[in-house]
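Hi,

Here's the structure I promised to pass on. Have a look at it first, and then read on for what turned up.

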Amino acid sequence: EGRTLYLLAHLALASYQRRIGASLGVKPGAELLAAVTTAKEYAIPVELIDRDINITLKRTWSNLGLWKRSVLLSSLIVGWDDDTKGEVVTERTVEDLKEPKALSEMLSELGRAVPQIKGPLIDERDQYLAKKTIDAGKGKRKVVAVVGAAHVPGMKQHWGLPIDLAPLETRLI
């Protein structure tokens, strides 16, 4: 079905996340699990509002040409050249990247370098998360949303705007 490269990209990305998590001593998704555990302790309802990862990856994958796909796969497999630059991902590195200025610069660079990836992976999910958070909060006084720091600026930008989820929930762009 032509899904072999997609599967390889999915596996390579998962492996990369595990490597970063291992270097920091944190499992990917640990913050979300902690939030869910705390919510259960206080009998607070939990709603998982992020878009299905398979839709996000398929939309990203379908947005890339053959050359970009091969570059992405090779980058994921070799670890984004971490070894050649001598950079080690540390807790301080991650915390520095959460700063608004650093996030903005990183997302701008991603948009310039590979807009085909930033669109489905960040921009579309910002819209999706904003809409789903608003929907989850209807009729409630307070809502706690646990989202990646990179999504906060985009969610704020789309907050309260009309967003049609239907096109964002299809597997192809």
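Leaving aside residues up to four places away in sequence, His-158 touches Asp-126, Gln-127, Ala-130 and Ile-163. Keep in mind while you look that this is a predicted model. His-158 itself is found in helix H9, which covers residues 152-158. Is it buried or exposed? His-158 comes out as buried, because its relative accessible area is 18% and the cut-off for buried is under 20%.

Ala-130 and His-158 lie 28 residues apart along the chain, yet their C-alpha atoms are separated by 6.4 Å. With residues up to four places away in sequence again left out, Ala-130 touches Met-155, Trp-159 and Ile-163 as well as His-158.

Ala-130 also belongs to the largest nonpolar core, which has 9 residues in all.

Ile-122 is buried, since its relative accessible area is 10%, under the 20% cut-off. What does Ile-122 touch, not counting residues up to four places away in sequence? The list is Leu-107, Leu-110, Ile-117, Ala-150 and His-151. As for Ala-150, its C-alpha is 7.7 Å from that of Ile-122, with the two residues 28 apart in sequence.

Last, the packing of two helices. Helix H3 (residues 53-62) packs against helix H8 (residues 115-137) at an angle of about 150°, and their axes are 7 Å apart. H3 is therefore roughly antiparallel to H8, as angles over 145 degrees count that way. The crossing of the two, H3 and H8, is right-handed. On the H3 side, the contact is made by Thr-56, Arg-59 and Thr-60. H8 brings Gln-116, Ile-117, Pro-120, Leu-121, Glu-124 and Arg-125 to the contact. Sorted by type, the residues of this contact divide into 3 nonpolar, 3 polar and 3 charged. Ile-117 of H8, part of the contact with H3, is also one of the residues that Ile-122 touches.

Cheers

Terms used: Residues numbered from 1 in each chain as written. Predicted model: local features only at pLDDT ≥ 70, side-chain atom pairs only at ≥ 80, totals over all residues. Heavy atoms only, no water. Axes fitted to C-alpha atoms, helices over the stretch in contact; angles between N-to-C directions. Helix = DSSP H or I, 4+ residues; strand = E, 2+ residues; numbered from the N terminus. Parallel < 35°, antiparallel > 145°, perpendicular 65-115°, else oblique. Left-handed = near helix turned anticlockwise from the far one by under 90°. Contact = heavy atoms within 4.5 Å. Nonpolar A, V, L, I, M, F, W, Y, C, P; charged D, E, K, R; others polar. Buried < 20%, exposed > 50% of the residue type's maximum accessible area, 1.4 Å probe, protein only. Core = buried A, V, L, I, M, F, W, Y, C linked by side-chain atoms within 4.5 Å.
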